[in-house]
Every structure is written in C-alpha cells, then in structure tokens.
Amino acid sequence: MSTEAQKTSKKHMIREIPLEKLRNIGIIAHIDAGKTTTTERILFYTGRVYKIGSVDEGTATMDWMEQEQERGITIMAAATTCGWKDCKINIIDTPGHVDFTAEVERSLKVLDGAVVVFCGVGGVQPQSETVWRQADNYKVPRIAFINKMDRTGADFLKVFHGITEKLGASAFPLQLPIGHEENFRGVIDLINMKAYIFEEEKKLDNFREEAIPADMLQKAEKFRHDLIEKLAEHDEILMDKYVHNKEISLDQIKAALRKAVIKDMFVPVLCGASFKNKGVQMLLDAVCDCLPSPLDLLPVKGVDPHSNEEVFRKTDDDEPFCGLCFKIVSDPYIGRLTYVRIYSGTIKQSSYVYNSSRDVKERLAKIVRMHANKQEIVEDAGAGDIVGIVGLKNTKTGDTLCVEDYPIILEKIHFPEPVVSMAIEPATKMDQDKLGMALNKLQEEDPTFKVNYNAETGQTIISGMGELHLEIIIDRLLREFKVTAKTGAPQVAYKEMPSEEVRSVGKFIQQTGGHGQYGHVVIIIKPGEQDSGVEFKNKIIGGAIPKEYISAVEDGIEMAAKTGVLAGYPVIDTQVTLIDGSYHEVDSSELAFKMAASIALGDGLRKAKCKLMEPIMSLEALFPENYTGDVIGDLNSRRCRIKEITQKGKIKIVKGDVPLAEMFGYATSIRSLTQGRASYTMEPSHYSEVPGNIAEKIIGK
C-alpha cells in the first residue's frame, strides 16, 4: 500500500466526519441564565435524547449528580457529543456558580468556541462578566444567546447594549425578536431577511418561515445595514462592495461573519426561550456556521522539555500526538477517568503514551466518548477530539501527553486559590483511612480543593472556593465514598504581606566533625504588585553565590513564605530580591542555602511590619425595594463598602465589596430579612488589609 493510501485509510479509520465539520463548544453563563436547559434542548433537537430533561424536575441529562438534581444547579462540567446537519458537536455544559469556577476555567482552556447564555431579564450579571473575562483570557470565539425572552421584563436591546457596554464586546444582533415577554412568538433572521414564527403546540418542526411583519420591516432593514457595516470593518471585500454600493451576496456576508467570529473580533447575538423550545435550532445553525473547527485555530504552542525551545503542533492526524489532560473524575464503575483534548496526532486503545510533564510512560486501557455520565468505548481518537481515557495512573490535571520521540509540554491551566477552609475529622476510627483516600481522590479531581495537615493542632484542613463548594465536598464524601465526617466552622484564608521595604541577612552555619554546612544570603523584601504572589528576583553579580545554589535560595524563600510571622498565614504580594551572599567551597550545599534563605525571609518579614490581609468579595444583591433599609443596614454591619445602588422595576440592586469573613451564613440572613424574596451572588475580588482591632483578635487566637 502506498504512503498516501496508508494516510487515507488511517484518516478513514479515525474520522467519522471531516475535521472542518467538528465543533468543540462550551455553554457558559451566570447561574440560572438557562445553560443546562439550553443544552437539554440542543440534545433533543440533535436527536441525542428522545425526551426533554428538566432542571426543575431533576431529570436533566447533563445534571446527573444527585446533588445537582436536588439543588437544580450544575456542579461539574459535563461533556457530550451530538450531530446537527453535517456537523459533529462536542459540548461541555459548565456550572454558573462562582464556587465551581474552576470547571469553567479548564473547559474554556480546551474548547474552540463558546455559547454565552444571558438572561433576557437579568442581562449581564456578575458571573456573566467573570466567564466572559475567562473566555477573553483564552481568546475563545463566542456567540451570545439572550434566553428567557418570554419572561416578564425581558428586553432584548437592553441586554444587547449591556453586552457591548459592560463587557466591551464588538457584538451585534443576527436576529430581532418578534413580540416580547409572553407575546414573544418568533425571530427575524437579519442575514436571510426572513421571519421564523414559533408554533408552541409542536416540539419537532416547531417553527414556520414567513415574510417579515410589515411593522418591523424598516427596523430590520436598518439593523441589517448596520450589521453589514460592522462586518465590513473586518473584511476588505465586503468593505469595498459596501463603500461602492455594490450588491453583496449572502455567501459573502456569511463568509465575512465566520471570519470575524473565528478571529474573536465579532460576537453574533441571537435570542430565544429555551424552556419553551424557541430559537434552539437557529442557535445550532449559528454554532455550525460561525464557530471555528479545530482546523480554523492556530497551531498549539508548547515547550520542548529538553531544550526549552518553543514547539508547535498543527491540528492534523499525521502530526506527532499531543494532548492536554484537563479533568479527572473518579468513576464508580470504571475507576479513574481522565478527560483529554487531543491537539494533534492519533491515539489507539491499549497503546502507550508519554507524560512529558512527569516524565513517565502511561498505558491507555480504554478510550471513551462521554455523554454526561455514560461512556461509549471507541478504538481510537484523532486531532481535535475530546475523549475520556481509562488507565492513566500518574497523570494529573494540566499534564501533557505526547509521543516520547517528539516531546512537548503545553501551557498549564491556572486555577484560583481557595478562600475558605474548615477542619475535618472522621466520625469513627473505621472512617480514618477511608477519609484520607477519599480526600485524595477529590483533590485529584478538583484543583481548587486543597487538603492540608496542620501539625501543630493535629487537624486535617480542607479548603475550597466557598461555603457551597465545601458543603458539596462533604456531601460527596458521604454519598460516593460512604465516609461520615465531622467538620468545624468555616475559616477564612487570610494572608500576610510586608508593608515596607527592608534588607535582611540569613546565615546557616553548622560545624561538625566532617563536612559542615555554610549558606549566607542577603535579600531585599518589599511589597509587590496585587495578585503577584511571592516574586523572586536574582540580582547577584560577580558570583557571590554560585549559580547552582540560586534555585535552592528560591526554594527556601518559597518554603518560608508558606507560613507568615503574624499568625502563620501564607505570604502574598511580596517581592524578594537576592542581592548578595557568600559561600564556602567545601561546606556550602543546596540545603544550607535553602535554610539561609528561609531564615532571611522570616527575619525580614518580622522587621517589615507585616499586615494581615483578608479576601474581599464582589457582592450583588437583588431584593424588593421595600426591604432596602433592612438589607443595606445588614450589609453595613458586615463591613460592606457599597459601590452602587440601582433599580430595575420594583427590584433594588446593590453592588459592593465585602470581607468574606463577614459573609458566612448570609444566605439565611438575607432570606429572613426579605421573606425569602432576595437573591445574591458573590465572587472573589481581591485581598485587602484587615482593620487593626479585628487583626488583633485574629492574631491573638
């Protein structure tokens, strides 16, 4: 068989459809905007499921965990595959709650496009801004879908303007709604200039094509003109025709639209009401027409672990294999399941791959395609695919898998640090070992969940992104791992940082019978930039400390920074510069310099007048206006700095910054103040200094 024929047969073996017809997309949004409902409708209309699941009834396909069904929220990102027209779509439905933001982060890292769902009433909400920023970070092309257009108070143009103003997006409608609130009955397609009227009594084929209503024709023509003008900014051919008043064909508009979306320079805005099955088919058309296939993206960039040079991999089955592990799940039936995005090359069941992040070989026992919590075993998978792999023992979230002869390490996924901690202990002696194993498994699955052992108190401390996050962890321990545990009250993850610049000297000298130990460093400690962590700089010149000991100095700084000098909390936002030191030709060692650096940082922090820092949350509370005094009074008592109070109808919206330490139990408090009619969202914003009187109490504990 010729090489060309081998390539063809190889591709045929791997590919069900051409790569240009594959879409890897995520559904992202603020909590309760309708992500899971939209995904359920997509699965129904693509024929993946034959009965529409409901979030309210706990029957949604993608919300398969018991906790998700009980609470009506998404906790874990769930993946599935479906087909629409001639395209295959891999979908990841993500959580909206800020406590599970890591699920959104890791999903966006491996996706090619996203559908951002907005509530037609709520518009751009706090978590909408967070997920939009995350998509911006990963340069993910997206479509905006304004959902719940049939609800009282829904306003398409207001939400669209919110998307352009609050999110700074270059967005424009591809559709206009026909009717509003309970009279929402159809949409106008501005590209094809047709109206689609929904027929509520039908589920399948539930819309008919009509001419645009006469009273909306002028408005539709103006919007279409503005859409072409907007697209012409990103397309020379379109610009030329637009400027010279030449006729522009439908194909040219669609080509310009696709090009602008793929370059992440334009966001199409669509609308509908997923719960009532309105607008879902048009959204699917837009996913296939506008969002990129793996071939439309730039080659993935990584680093050669041996030479540290940049390496690129094209999306091609004939390139050397490379993939990124973005999620690990403990499945009760098949064990440890690793989700992998394949960027190049192909993999086969029962073959071996190389984990370049950990320098180990791993065997792929099984390759599966996921449909929520169900698996379909496949023999092989190729470039552009998202699959689950069974059998990887040493691979962690963020690791790169590749071919050993062509090593590459892809950029890791960055996760936020936990902000809430609590002590946990087994209820009985029998639960002791089970608890340790269960916590390790949960820590493997969730990079924002951390487990530490406090040697001083003998306690196991678990940390997460919020009260709900830790509540779900405790619930999973009981249900999935059958471990009964007792927990202490939640604690805030305080930090420490210096308030002034100091010079500090650290010496570690030990003389014994044989070789001694000698390490001597001089460092400058000063406050760093916000969110910079502990930044180490080496300014040694003239070889005062040999190069081989510099990394040991950095390790010593890192080690000492984990426990500050005020109350043992980790140090943040600190710049440490190594400026001088000395060594002994015989007695110096890495250990000596590590200890010397640790001593220098500890002494320096004591002189640098360290201050205690606490996590500040961005809060948005919504409640009926007649409770304004009670809610604001309560927030003031919680040290909240109110930034903005606005009104939408009879609902007051308060935005502010509030210390996390004051917000435990707030859900119960605001419900009792407003007879259960208020809602609120919180997300981590920044760290700020704790007031002196409160800091004294915390340090004195």
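How many disulfides does the structure hold? The structure holds zero disulfides, a disulfide being a pair of cysteine sulfur atoms within 2.5 Å. The views below show a predicted model, in which local features need pLDDT of at least 70 and side-chain atom pairs count only at pLDDT 80 or more, whereas totals for chains, interfaces and linings use all residues. Residues are numbered from 1 along each chain as its sequence is written, and side-chain values use heavy atoms, with hydrogens and water left out.

View 1. Buried means under 20% relative accessible area, exposed over 50%, and partly exposed in between (1.4 Å probe, protein chains only).

**View 2. The largest nonpolar core and the surroundings of Ile-163.** A nonpolar core is a set of buried Ala, Val, Leu, Ile, Met, Phe, Trp, Tyr and Cys residues joined through side-chain atoms within 4.5 Å. The largest one has 81 residues, and Ile-89, Phe-118 and Ile-163 are those with the most contacts inside it. Helix H10 (residues 280–290) gives the most to this core, contributing eight residues. Helices (H or I, at least four residues) and strands (E, at least two) are DSSP runs, numbered from the N terminus. A second, separate core of 37 residues includes Leu-442, Ile-473, Leu-660 and Met-663. Contact means heavy atoms within 4.5 Å. When neighbours within four places in sequence are left aside, the contacts of Ile-163 include Phe-118, Val-124, Trp-132 and Ile-146.

**View 3. The open sheet E13-E12-E24.** Three strands form this open sheet, and their pairing is antiparallel. Strand E13 (310–313) and strand E24 (409–410) are the edge strands, each pairing on one side only. Two strands pair if DSSP finds at least two bridges between them. Strand E12 (residues 300–303) is joined to E24 by two bridges, and Gly-302 has Leu-410 of E24 as its bridge partner.

**View 4. Strand E15 and its pairing with strand E22.** Nine of the ten residues of strand E15 (residues 335–344) are buried, so the strand is largely enclosed by the rest of the structure. E15 pairs with strand E22 (residues 386–390) in the antiparallel sense over five bridges. In E22, Val-390 is the bridge partner of Leu-337.

**View 5. Helix H12 and its buried residues.** The expected span of a helix is 1.5 Å times one less than its number of residues. Helix H12 (residues 467–479) has 13 residues and should therefore span 18 Å, which agrees with the 18 Å between its end C-alpha atoms. Its buried residues include Leu-468, Leu-470, Ile-472 and Ile-473, and also His-469, Asp-475 and Arg-476. Ile-473 is also included in the second core.

**View 6. Helix H13 and the elements packed against it.** The twelve residues of helix H13 (residues 550–561) reach 17 Å from first C-alpha to last, close to the 16 Å expected at 1.5 Å a residue. Among the buried residues of H13 are Ile-550, Val-553, Gly-556 and Ile-557. The buried residues of this helix pack against strand E32 (517–527), strand E33 (534–538), strand E34 (574–582) and helix H14 (590–607).

**View 7. Thr-674 in the loop between helix H16 and strand E38.** The loop lies between H16 (666–673) and E38 (679–689). Thr-674 is buried because its relative accessible area is 0%. A polar atom of the Thr-674 side chain lies 2.8 Å from the backbone oxygen of Ile-670. Leaving aside neighbours within four places in sequence, Thr-674 is in contact with Phe-623, Tyr-627 and Val-631.

**View 8. Glu-199 in the loop between strands E9 and E10.** This loop lies between E9 (194–198) and E10 (207–210). At 13% relative accessibility, Glu-199 counts as buried. A polar contact is a pair of N or O atoms within 3.5 Å; within protein, one must be able to donate a hydrogen and the other to accept it, and residues adjacent in sequence count only if both atoms are side-chain atoms. Such a contact, of 3.2 Å, joins the side chains of Glu-199 and Arg-208.

**View 9. Positive phi at Glu-181 and Arg-639.** Glu-181 has a positive phi of about 50 degrees although it is not a glycine; its place is in the loop between strand E7 (175–178) and strand E8 (186–189). Arg-639, another residue other than glycine, has a positive phi near 60 degrees. Glu-181 counts as partly exposed at 21% relative accessibility, as does Arg-639 at 25%.
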